[in-house]
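Visitor: Please take me through this model one feature at a time, with the rule behind each reading.

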Amino acid sequence: MIAIYPGSFDPITLGHLDIIQRGSRLFDQVVVAVLRNPHKAPLFTVQQRLVQIRIATQHLSNVEADSFDGLTVNYAQQRQAQVLLRGLRAISDFEVELQMAHTNKTLSTQIETVFLATSNEYSFLSSSVVKEIARFGGSVDHLVPPHIALDISKCYNHNYPTANLATTAVIPPLQTIPMESPTGTIPEPEV
Ligand code: ADP
């Protein structure tokens with residue numbers, strides 16, 4: 001069974017990774033799907049987030065990273081997935097997630113939303129919290145994988161152009177992991 005784990009992942013945190021890791025034990029394949037949302041001003045481009053996710057999940061052979069736009073159920077159908085995987089942290093998540101799951105059910109009766117409760121230690125953790133801490137100079141080493149902590153510190157501490165991030169500039173794509181670019185090179189970040 002294929003599960004889609006959709007979200008912004010700007011950037012991916014240890015909380016997301018916990019859900020991905022546990023999902024990868026439940027499903028044959030987990031597709032971490034970055035939503036291309038033109039209405040949000042993200043810290044990292046979609047391409048940078050994909051590289052960050054691929055590095056963070058390279059030890060999980062049945063996990064893939066991809067991006068999509070439009071309706072999540074349409075993307076799920078296109079990928080022949082039967083499940084939308086979501087994480088639940090608090091009651092506030094529950095209200096939004098339940099509404100989204102019900103809405104998606106009206107769009108496709110074939111696709112089920114499966115919720116995994118957050119592990120206790122990540123119940124407070126979100127991408128926004130990570131960015132807020134980093135913006136004020138705090139360490140996020142305990143909240144995100146090391147390569148992402150480095151990317152974040154470059155954004156906030158040194159005012160690096162995001163195109164020069166270590167993960168996107170130095171590490172070549174893995175041949176075994178599907179990349180968006182047909183040439184196999186790391187695509188230029190979005191402008
Ligand atoms: P969105 O922009 O849709 O909120 P996110 O990338 O923040 O997307 O989150 C994607 C999914 O991961 C959501 O289901 C969210 O509830 C879940 N999630 C985010 N952080 C955590 C966490 N710390 N523990 C468990 N689930 C989480």
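Guide: Start with burial: a residue is buried if 20 or more other C-beta atoms lie within 10 Å of its own, exposed if 12 or fewer, and partly exposed in between, with C-beta atoms placed from the backbone. Q80 has 8 other C-beta atoms within 10 Å, which means that Q80 is exposed. The position of Q80 is in the loop between α3 (72–78) and β4. Although Q80 is not a glycine, its phi is positive, at about 55 degrees.

Visitor: How are positions numbered, and what kind of model is this?

Guide: Numbering starts from 1 along each chain as its sequence is written. The model is predicted: local features need pLDDT of at least 70, side-chain atom pairs count only at pLDDT 80 or more, and totals for chains, interfaces and linings use all residues.

Visitor: What is the mean pLDDT of the protein?

Guide: pLDDT is the predictor's confidence in each residue, from 0 to 100. Here the mean is 86, and 82% of the residues reach 70 or more. Over residues 170–191 pLDDT stays under 50. Contact means that the C-beta atoms of two residues, placed from the backbone, lie within 7 Å. For residues 170–191 the model has 26 contacts beyond four places in sequence.

Visitor: How many helices and strands does the protein have?

Guide: Helices (H or I, at least four residues) and strands (E, at least two) are DSSP runs, numbered from the N terminus. In this protein they come to seven helices and five strands. Along the sequence the pattern reads β-α-β-α-β-α-β-α-β-α-α-α. Of contacts between residues at least 6 apart in sequence, 74% join residues at least 24 apart.

Visitor: In what order do the strands form the sheet?

Guide: Strands pair if DSSP finds at least two bridges between them. The five strands make an open sheet with parallel pairing, in the order β3-β2-β1-β4-β5. β3 (63–68) and β5 (112–117) are the edge strands, and each pairs on one side only. From one strand to the next, the twist averages 30 degrees. Strand β1 (residues 2–7) runs parallel to β4, and two bridges join them. In this part of the sheet, I4 stands opposite L84 in β4.

Visitor: Which strands does helix α2 lie across?

Guide: For such angles, axes are lines fitted to C-alpha atoms, for helices over the stretch in contact, and the values run from 0 to 180 degrees between N-to-C directions. Helix α2 (residues 46–56) lies across β2 (29–35) and β3, at about 170 degrees to β3. Helix α4 (residues 91–107) lies across β4 and β5, at about 170 degrees to β4.

Visitor: Why is α2 described as largely enclosed by the rest of the structure?

Guide: Eleven of its eleven residues are buried, so α2 is largely enclosed by the rest of the structure. For the protein as a whole, 32% of the 191 residues count as buried.

Visitor: Where does T57 lie, and is T57 buried or exposed?

Guide: T57 lies in the loop between α2 and β3. T57 counts as buried because it has 23 C-beta neighbours inside 10 Å. Beyond four places in sequence, T57 is in contact with I20, V32, V63 and A65. V63, in strand β3, is buried too, with 24 C-beta neighbours inside 10 Å. Contacts of V63 beyond four places in sequence are I20, S24, V30, V32 and T57. Between V63 and Q29, 34 residues apart along the chain, the C-alpha atoms are separated by 5.9 Å.

Visitor: Which residues are closest to the ligand?

Guide: A residue is near a molecule if its C-beta atom, placed from the backbone, lies within 6 Å of it. The ligand is surrounded by 16 residues, and G7, S8, G15, G87 and T118 are the closest. The elements giving two or more residues to this shell are α1 (14–26) and β4 (83–88). α1 gives the most, with three residues. By class, Ala, Val, Leu, Ile, Met, Phe, Trp, Tyr, Cys and Pro count as nonpolar, Asp, Glu, Lys and Arg as charged, and the others, Gly among them, as polar. The shell has four nonpolar, nine polar and three charged residues.
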